[in-house]
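Morning, everyone. I have one chain to show today, and I'll keep it quick. Please look at the loops as we go.

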Amino acid sequence: AKAYATASVKATGEVTDTFEGKTFVLKHDRDLDAVRMFEEKPDGTLERINPFSAFWFSWAAAHPDTEVLQ
């Protein structure tokens, strides 16, 4: 599992990362003050992903090996 710090994405505006052979793009939508997540397909298009949001303390307890992108 991998988690992304919302504050870090907001600070940079956009983060591109690779995890398990897939490329993910996280973008801060200023109008909604929300972070949107996409999978970048081989042709360069972005497919929206609805990530699982949870209270960090409960997620970390159940998945202690989660990688966190700061």
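Let me start with a term: two strands pair if DSSP finds at least two bridges between them. Strands themselves are DSSP runs of E with at least two residues, helices are runs of H or I with at least four, and both are numbered from the N terminus. Now the ground rules. This is a predicted model, where local features need pLDDT of at least 70, side-chain atom pairs count only at pLDDT 80 or more, and totals for chains, interfaces and linings use all residues. Residues are numbered from 1 along each chain as its sequence is written, and side-chain values use heavy atoms, with hydrogens and water left out.

The overall picture, then. The chain has two helices and six strands. In sequence order, the pattern reads β-α-β-β-β-β-α-β. The C-alpha trace spans about 35 × 30 × 20 Å along its principal axes. There are 70 residues, and 23% of them count as buried, meaning under 20% relative accessible area. On that scale, exposed is over 50% and partly exposed lies in between, with a 1.4 Å probe and protein chains only.

Next, the hairpin. Strand 2 and strand 3 form it, with two residues between them. The two strands run antiparallel, and six bridges join them. Phenylalanine 19 sits opposite lysine 22 in strand 3.

Which residue in the turn has a positive phi? Glutamate 20, at about 50°. Glutamate 20 lies in the loop between strand 2 (14-19) and strand 3. Is glutamate 20 buried or exposed? Exposed, because its relative accessible area is 70%.

On to the next loop, between strand 3 (22-29) and strand 4 (34-40). Aspartate 33 is partly exposed, because its relative accessible area is 47%.

Arginine 30 is in this loop too. Arginine 30 is exposed, with a relative accessible area of 74%. How far is its C-alpha atom from that of glycine 13? The separation is 8.7 Å, for residues 17 apart along the chain.

Last, contacts, with heavy atoms within 4.5 Å. Among contacts in the chain with a separation of 6 or more, 26% come from residues 24 or more positions apart.

That's it from me.
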